[in-house]
Amino acid sequence: MAAPDILDSRYSCFRLMASLGVATVGNVGIWAVVVIMPALQAEFAIDRAASSVPYVMTMAGFAIGNLVMGRLVDRIGIFVTLLIATVLIALGFGLAALANSILVVDLFHLLIGIGTGASFGPLLADISHWFARRRGIAVALAASGNYLAGAIWPIVLGGILTEHGWRGVYIALAAIAVATMVPLAFCLRRKIPAAALHYAATVSAQRSRSVDISLDTMRLLLAVAGVGCCIAMSMPQVHMVALAVDLGCAPIVGAQILSVMLLGGVVSRIIFGVIADKLGGPRTLIIGSTLQCFALGLYLPLDGVSALFIVSFIFGLSQGGIIPSYAVIVREYFPPNVAGAVIGFVIMSTIVGMALGGWISGYIHDVTGSYQMAFLNGIAWNALNIAIMLLIIAKTRTPHADPIKT
């Protein structure tokens, strides 16, 4: 059975570029709140912990949004889902800008996070339907929008913040979301043809029959693996600025190191996307997770800022392809009609891992006085991720190649 002509086509590439645009704009919610935290602290006369709550609420909403919006994509498609998400994002930013209480600001960041969730896991699920031979690189490119947002938006928003304050930033983002995401959503209005869905369902059915694990068990294993890899991943990402300060650097240096890490992550996602098309999702994830474990070990002997820049770039190169690999795995083993829900569920677990890992690392630092044990904790959780993926591969009786010739 040959793959339908629509897959890996010129239109598929156009749709991928539109998806990358959606991801780059839609993920602004995650990074905007980081930029305005000092302004919130000053205006509402709160401490650093209280000023961090909007970020926590955004990430909580992001986790919920990946799950809920993923289910919507399976039922009504990405077009309407993105329109709903755009309304949530615009309302969240607009109403937060009008708030006179930090508690109200916190509440609307939950709304922003839910809307932002549509621009990651559900978007990856949608674009995965339009590629067969190049699915890995397509998913990786779409996922890169998250890191591109982190590299671009803080710089853009910094200028608006200086001139108009954090409320001006949020009003501008409400307008930008509507002005960009609605037209981009219309570019994704076309629904996947029935022939492509039938082809994908046939391939995934034969693939799932070749593994000695039920799909329900597979779903749970992927969720636990997602928690494990992201507890490890969160240590450098969440605590980089604090780690740099501990080494005697100014906070701005820590932010620069984080930016270098994210740029390395963009490169990594593209490279690992190519690898996924050759080796499949599980093997690609093991490679990325093993390299991430190695990079975490490189942080242990660090005592200078130059080395921190180099190791952080290496870390970015190692870990960027891990999260997109989960989407590839889901599309290899699960029916296409539940791809959005399962990918959303697994991505939600990775976000839980990021949040939990960020807190655990801070707690370990408070108890021990350094991040050494926090890095070792991350390495241990990383090992759990590798063990789960080795189990999935061991239980799979056929190689990566699709059982249906394309």
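Residues are numbered from 1 along each chain as its sequence is written, and side-chain values use heavy atoms, with hydrogens and water left out. Because the model is predicted, local features need pLDDT of at least 70 and side-chain atom pairs count only at pLDDT 80 or more, while totals for chains, interfaces and linings use all residues.

The largest nonpolar core has 126 residues. A nonpolar core is a set of buried Ala, Val, Leu, Ile, Met, Phe, Trp, Tyr and Cys residues joined through side-chain atoms within 4.5 Å. Buried means under 20% relative accessible area, exposed means over 50%, and partly exposed lies in between, with a 1.4 Å probe and protein chains only. In general, nonpolar side chains tend to be buried together in soluble globular proteins. The residues with the most contacts inside the core are Y170, L222 and Y299. Its largest share, 17 residues, comes from helix α7, which spans residues 135-187. Helices are DSSP runs of H or I with at least four residues, and strands are runs of E with at least two, numbered from the N terminus. Contact is defined as heavy atoms within 4.5 Å. When residues up to four places away in sequence are not counted, L222 touches Y326, I329, V330, F334, V346, S349, M389 and I392.

Helix α7 also holds S144, which is buried at 2% relative accessibility. Apart from neighbours within four places in sequence, S144 is in contact with L20, V266, R269 and I270. Helix α6 (residues 121-128) is mostly covered, with eight of its eight residues buried. These are G121, P122, L123, L124, A125, D126, I127 and S128.

A salt bridge is a side-chain nitrogen of Lys or Arg within 4 Å of a carboxyl oxygen of Asp or Glu. D126 in helix α6 and R15 in helix α1 are 111 residues apart, and the pair links distant parts of the chain. Both D126 and R15 are buried. The count of salt bridges comes to three. Another joins the side chains of R167 and E43, at 2.4 Å from N to O. This pair also links distant parts of the chain, with R167 in helix α7 and E43 in helix α2, 124 residues apart. R167 is partly exposed, with a relative accessible area of 21%, and E43 is partly exposed at 40%. A further salt bridge is formed by D216 and R219, at 2.8 Å from N to O. D216 and R219 are separated by about one helical turn because they are three residues apart in helix α9 (residues 215-246). D216 is exposed at 52% relative accessibility, whereas R219 is partly exposed at 25%.

The structure holds zero disulfides, a disulfide being a pair of cysteine sulfur atoms within 2.5 Å. The cysteine sulfur closest to that of C187 belongs to C13 and is 15 Å away, so the two are too far apart for a bond. C187 is partly exposed, at 27% relative accessibility. C230 is likewise in no disulfide, and the nearest cysteine sulfur, that of C229, is 3.7 Å away. C230 is buried at 1% relative accessibility.

Two residues are noted for their backbone angles. Most residues other than glycine have a negative phi. D8, which is not a glycine, has a positive phi of about 60 degrees. D8 lies in the segment before α1 (10-26) and is buried, with a relative accessible area of 18%. A45 has a positive phi near 55 degrees. A45 is placed in the loop between α2 (28-44) and α3 (48-76), and is exposed at 69% relative accessibility.

L91 is in helix α4 (residues 78-98) and is partly exposed, with a relative accessible area of 41%.
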